[in-house]
Amino acid sequence: MSEETFPGPIKVTLPVAKEWEKRYDEDTEVEDREKKVKSFLIPRESLELVLKLDTTAVRAYLGINEKNEKTLLFVGAQYDPKTKEYYDVYGPPKGVDECAGDPIPLVYDGTRPSPPY
């Protein structure tokens, strides 16, 4: 992906985000200094969309996308005083799960790892 096409797709369906998280969890590659991700370039639109969820916090999950790049996935997080824990709040659904017939929630991405970007 070139710098001209930044940020690329920002909305990611929850099933895709879960797959990216799984790839990251299962990744056993040890990064050397040249490949080690030190930061992420985050498009403003991703932050604005997650802030529109009107939650008290934002959670960032680590994932590995289809290009084998590390990425951050943003969801809202809301505190539940009954459970004393934060729960994830996803963006408005995009499409419908063909198998279950349920709406597919969104998380927000568009980040680029640095290096190389």
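Modeller: Happy to! A quick word on naming comes before the tour: helices (H or I, at least four residues) and strands (E, at least two) are DSSP runs, numbered from the N terminus. This is a predicted model, in which local features need pLDDT of at least 70, side-chain atom pairs count only at pLDDT 80 or more, and totals for chains, interfaces and linings use all residues. Residues are numbered from 1 along each chain as its sequence is written, and side-chain values use heavy atoms, with hydrogens and water left out.

Let's start with the segment after β7, a strand that covers 112-114. Serine 114 is linked to proline 115 by a cis peptide bond, with omega at about -5°. Moving on to the bond from proline 115 to proline 116, we meet a cis peptide again, and here omega is near 15°.

Now for the loops. Between α2 (44-51) and β3 (57-64) sits aspartate 54. This residue is not a glycine, yet its phi is positive, at about 55°. Aspartate 54 is also exposed, with 67% relative accessibility; on this scale buried means under 20% relative accessible area, exposed over 50%, and partly exposed in between (1.4 Å probe, protein chains only).

The loop between β3 and β4 (70-80) holds asparagine 68. Its phi is positive too, near 65°, in a residue other than glycine. With a relative accessible area of 62%, asparagine 68 counts as exposed.
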